[in-house]
Amino acid sequence: MPPPVIEPPPILPEIDEELLEYLTKPERLPIHDYERNQEFWPRKPDPTKLFHYDFSPLSTTLKVQRDMNTGEIIEFREVPIQNVGSTSRNSTLLTRQPAPPSEALWGGISNVPFWPAGLSDPTEGLPLKKEALTKNDLLVIPPGFKFGLLFEDDGCRVKEKIDKSVELQVKQGNVVNLLDILNEQHFSGLWETVEKSPETDHSQDVQLQTSELPEEKDVLSQAVTKDVPLLKISEFEKKKVRNLEWAVNLDTSKPVKDFRERIPQMALEYEFELDTFQKLAILQLEQHNHVFVAAHTSAGKTVVAEYAIALSQRHMTRTIYTSPIKALSNQKYRDFKKKFNDVGLVTGDFQINMKGSCLIMTTEILRSMLYAGSDVTRDLEYVIFDEVHYVNDKERGHVWEQVLIMLPAHVCVVMLSATVPNTMEFADWLGQIYQRKVYVIKTAKRPVPLQHYLYTGCGGASRNNRYLLLDHNEVFRIAGYNEAKASLAKPKEHKASGPPQRNYNPKQEQYMWNGLVDHLSRNKLLPVVAFTFSRNKCDQNARSLRHLDLTTAHEKHYINSFFNRCIASLKPPDRDIPQILDMKEILSRGVGVHHSGILPIIKEMIEMLFQGQYIKLLFATETFAMGVNMPARTVVFDSIKKHDGQSLRPLLPAEYIQMAGRAGRRGLDETGTVIILCKVNLHPVEDLKRMMMGKPNQLESQFRITYGMVLTLLRVESLSVEGMMSRSFREADHQKKMSQIRTKLETVSKNLEIENRHELNEHMQPLVKFYLTVRTFLDYHQDLMEQIVITPTMQKQLTTGRVILITHKSHVNKLALILTTPSKSSDLYRVLVLTDTGSSESDEKSDNYYKMLGLASDRVYYPENSCSHEVLKIKPEDIFEITSAMINVEYSFVISDWDKRQIPRFKDDPPSERCKFAVQELLKLTMNVSDKSNANRLTYLDMVVKDLDLHKCLLEYKKLKEGLIDCISSTQIPNFEEQFHIVFKKKSLEDEEDDLKFQLSYESMSLYPEYERRIALLKELNYINSSNRVELKGKVACEIGMNELLITELVLRNVFTDLQPAEVAALLSALVYQVKSKQDDNELNENLTKPLVEGKRIIKEVHKEIQDLEMKFEIDKVSEPSRDLNFELVEVVYEWANGHPFATLMNLTEVQEGIIVRCIQQLNETICDVRDVARLTGDPKLYTKMEEASASIKRDIVFAASLYTQNEHVQ
């Protein structure tokens, strides 16, 4: 038989095409088995179904009442439900209905945040709930009506009509209740119901004893029977004392002796004895108080965080631990996981155990959750802020402030920080906005004292040149500095002539490091962290020491096996990346490199090996100093200067202390060693003292206005951007003065009310016009002079010896001789002026009053009696003219002579000859100016500036000055000063009242002009309407984490519609990658596809439009650094999104591997934001495209799981 014919397997048709034909072509359906065919029901239009409405929620519920002994149900009672209809869409209350499970963690864009503790309570100031009115208390005539109605007892039938003219029913007893009269006349605040509470301090009650007349007893008895509230006249003027000192400093110098008695059963037991500062913090946590702990690196601040977590777990609540960076979050997750089982990690693209009682995240993620009304906030008891001194960070510091303001009132804040000088000030601000005490615990004690050395060795015989500069008692040893200086002087004697050498060449670097490591090894000072402020320098140093071997055979075996286990999860091509191969060889010798250019998985391996003391020498940038406890025996500074993105500057004390604090292992070392390398030249002793012994930078507000914050707060009706700004740390001092300003405003208003009883006559109106004109001129004069006197041209004119015309207090229109000019310590001029002998200058009136008098007349002051003199301190605003005259005299002798005669012992001494000479010369010039017939009168110089903006201001100033001439005629009247004083007093009070009201308003805040400008720009782009309500574009921008305006415009203009997912990802990388590009833009276009080139052009155009608008509205780019576009990684991301291995990407760019990985990780967050925007705008095509783009880049080594979240660890 022939073999059977084997046919190929049947190919099934495309299900999509078959289904489409089945639905759209019913005529092709078979006539048999019709019951299996589709059925068709014609639609009937029903417009009423378009209207959707919800039924009103029930306002009451039934509550069971049981017998307390038997539990038997007695009855059902109907009780009201609190906050009926409150949901996450319309209420800020914690008692609102829970959000859907999908929004439980992240919240939703349509959700309303829970009410922040940092903002004022919306119910504050509302009247208290009064008792229900009786029938007799109800009005029978509605306010504003002429007629009223009286009803029968059933409340429905009209009894009779009444008229206002008809006398109403008089209450029995003929008793007139004064309180009713006060109520009717709206004397609010005069009375209130007195309620005795158990918390009332009866020891402070004031009992008033009054003698009652016989007829008063009846009145009082009837008043008591009606339960009329008491009139508390004695307390009407009394105001509630508000304590502005919200920070409490706890003394860490005294031991806590009764710690175990106060906490017999701790939430977390420790095997070691706690330090005093740790005990004080734990005591406050037990009482649910806000805590601010400031201590040095490795001092044990983590103990406080751990106890807060343990306490919340015992209370069955939740804790959030925030860190500055994602890498630190991963490290903390591993550490806390060892002590607490229920720990979760939340990042932008990775979540573990989101229902955990302790969640670890960055501060930015917590901010997003608070704005989106996440239900995690309900059960939140503690929020731990690690590295709070990052508030000073210009890029991200404002996030810390926003989160602290947005936290609900029931949350307890635990702040951990390095030592900063103004912890009390920061804690007082936080306590002020929370209206709760904040307990500050500061300790300057180091668990391991530090010794600081200078190292001048360069290998060979000089390898031991290490000199103590600052000992463990923080005593600066100048002798050590001189010894180091002497050791550097010897090689210079034999140096050949030529330009001075500023640094070591690579060969000298290698020689120096060999000598230093040998010296440290011999003195048992390993392991060592060498802080080097250059990624390339770190790599070069590690490569140059390839012959250096610091590990034993056992250590090499463990390092290699640990390395292989860590990379086992990577794909084979990723294991062959050059950086991985190089690092494996370097690590096996006990040398490591740690900076942002290293792959994340390699950095984590290095951190774990360093903690296990397998790495003996680690070259690292300053980011290694921030994070979990990774101490070393020694810390080396390759340099004490760093580039901060703008210039090369010396290290700040806080930066130096943070990095030096890594030296010294608690329990292992008695002291930590810090070494500063001195290559070629010695660092100036002043710089070293300032860096080592100077105070760290104060915590300063970096709060700023961003588009995202403005739009997010505007979408919630009950919140406001102004409220957020007023509660920021930037406005803390201004908020403290509010009560004083209100008190002063009341006083000024009362005085103005008295003045308004006497209206200004018509003949005084020209003086009013003169006042307004001169006031405008003086305001402009003050602002201009403060700017103009610091210009080089004016500084040449305003030198010592120059004669100027001033008005200072009662010294009106006087020539003055400049004796000293402003210096760094003072911005005042010291001048010599003439006075009348025996005259007492009155300074009772305002300084502006005398300036106005001076401008009302062009007459220069001339002594009427015998001439005397005085030395004044004046401001630039007191200068009105600069003359051409100079007086040459020894000015220092004139000042010393004057200062001497101010001492009571020498007040009767005659002036010195030099002083007399100066007075006589000034008197001659005064006579010269006063003689109008003199053709050679003293002339005034024109103020000249070279700055274009100042020149424009100067021209405007001259116009205002010329405008004064029109008003001068109104001052030429009898009794001018007397008449003008009346006008000035009233108008100045009005100005002062306006100024105080301005200070109380939001407009007085420093960032308010910036807020108004951003509002104007958002209106221009239709993100908000004229009523500041958020439009669709604004809601889209709220979903985006960065570059809100640019991405929103690109999405809504359909720029990504015709692009492939890989192309969209590549173009969006230009918004994420922020490193300055070294390549020319034309070179970057050579290898790009046409859609990418066209996409670049469109993105640049849109970006330019936004920048032009920001320039038009004068948006402050200093407060929010602009994100410039950088297309350097477009080709790299495009190839990665198309599936190419990571190793091939390194052939396309010189950017380091770690930088590329970080860029792609951030890019995925941006892509997810665009995906959410597509869902919001109803664009399924874009949504699918973004899903594909995210999936194409989220793979392999770029998104390899963190070692800290795995079971891998160093044994």
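Two strands are taken to pair if DSSP finds at least two bridges between them. In this predicted model, strand β27 (residues 879-886) and β28 are joined by two bridges and run antiparallel. Leu-941 in β28 is the bridge partner of Ile-882.

Both strands belong to an open sheet of six strands with antiparallel pairing, in the order β26-β25-β24-β23-β27-β28. The edges are formed by β26 (867-874) and β28 (940-941), each of which pairs on one side only. Helix α28 (residues 913-930) packs on this sheet and touches β23 (802-808), β24 (811-820), β25 (829-836), β26, β27 and β28. The direction of α28 makes about 70° with that of β25.

On the α16 side, the contact is made by Ile-580, Met-583 and Leu-587, and on the α17 side by Ile-602, Ile-606 and Leu-609. The residues of this contact comprise six nonpolar, no polar and no charged.

Gly-723 is located in helix α21 (residues 721-726). Its relative accessibility is 6%, and since buried means under 20%, Gly-723 counts as buried. Leaving aside residues up to four places away in sequence, Gly-723 touches Leu-119 and Tyr-1002. A separation of 9.0 Å was computed between the C-alpha atoms of Gly-723 and Gly-118, which lie 605 residues apart along the chain.

Key
Residues are numbered from 1 along each chain as its sequence is written. This is a predicted model: local features need pLDDT of at least 70, side-chain atom pairs count only at pLDDT 80 or more; totals for chains, interfaces and linings use all residues. Side-chain values use heavy atoms; hydrogens and water are left out. Helices (H or I, at least four residues) and strands (E, at least two) are DSSP runs, numbered from the N terminus. Contact means heavy atoms within 4.5 Å. Axes are lines fitted to C-alpha atoms, for helices over the stretch in contact, and angles run from 0 to 180 degrees between N-to-C directions. Buried means under 20% relative accessible area, exposed over 50%, partly exposed in between (1.4 Å probe, protein chains only). Ala, Val, Leu, Ile, Met, Phe, Trp, Tyr, Cys and Pro count as nonpolar, Asp, Glu, Lys and Arg as charged, and the others, Gly among them, as polar.
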